[in-house]
Amino acid sequence: MNRASTTTAIPGAVLLDRDGTVIEDRHYLSDPSGVTLLPGAARGLAALTAAGARLFLVTNQSGIGRGYFTEADLHACNARLGELLGEHGVALADTAFCPHGPDDGCSCRKPAPGMWLALRDRHGLCAAATAMVGDKPEDVSFGRNAGLGRVVLVLTGKGQAAARTLGVPVPEGDAAVREPAPAELATRPDWPHAVARDLAAAAEWLLGAAAVGQGGNAAVAPDATGVSSSASFSPDITRSELS
Ligand SMILES: [Mg+2]
């Protein structure tokens, strides 16, 4: 079987939730001194960068709409994040944020697709060649609703609670990543394509290099091809899909 022709080539771009995925989730963070990279975040993003992926933040920041902090505070925190990532040779291509509260009826608060549509149009992104990584059910639904090629739930931040809420199987033993069985995934549009222990594991999976457990809550054999359903990153294929 030609793997390249049967799997979606990703990720030319990776959309990243911020709080609980890249940095520690501090409730309504507004002080740049509180920006702390999560373990594995810099390593994972450096690996994706080395593979040629463009990185984007997509972050709900309702603290602005609620009046808890200002847009300037948000930009200061994001600038601090940029400094910390820069120390690891990582740069974000762009940042999208939603300043609204959950009752504002906006089209940009995840899981609504506004931030995806804005970044797609601004940067010419292709959904099939884009991945989403986040720690909440809203992040997963955002990515699945947008039809992104790969959606990963990380178990940092609120991820453990999210996995329980969704009822999705998590990595066990030595596995850093767990893929739901394809048959289960097909019936669960609210599930991620994979659950990863942290951002480093998510990056390894997106790059086709993670130790992967597969199956549902009961053990399920890998498919008959013996090919993992995790797609390896292929910049060449990404380019051809975009052309
Ligand atoms: Mg989060």
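Two strands are taken as paired if DSSP finds at least two bridges between them. In this predicted model, strand β2 (residues 54–60) and β3 meet that criterion, pairing in the parallel sense over five bridges. Asn60 has Cys98 of β3 as its bridge partner.

These two strands belong to an open sheet of eight strands. The order is β3-β2-β1-β4-β5-β7-β6-β8, and the pairing is mixed. β3 (94–98) and β8 (212–214) are the edge strands, each pairing on one side only. From one strand to the next, the twist averages 20°.

Helix α6 (residues 137–145) packs on this sheet. The helix touches β4 (130–134) and β5 (150–154). Its direction makes about 170° with that of β4. Buried residues in α6 are Pro137, Asp139, Val140, Ser141, Phe142 and Gly143. Just after α6, Gly147 adopts a positive phi of about 75°.

In the loop between β3 and α5 lies Pro111. A cis peptide bond joins this proline to Lys110, with omega about 15°. The loop between β1 (13–16) and α2 (41–50) contains Tyr28. Tyr28 is not a glycine, yet its phi is positive, at about 50°. Tyr28 counts as partly exposed because 13 other C-beta atoms lie within 10 Å, whereas a buried residue would need 20 or more and an exposed one 12 or fewer.

Definitions and conventions
Residues numbered from 1 in each chain as written. Predicted model: local features only at pLDDT ≥ 70, side-chain atom pairs only at ≥ 80, totals over all residues. Helix = DSSP H or I, 4+ residues; strand = E, 2+ residues; numbered from the N terminus. Axes fitted to C-alpha atoms, helices over the stretch in contact; angles between N-to-C directions. Contact = placed C-beta atoms within 7 Å.
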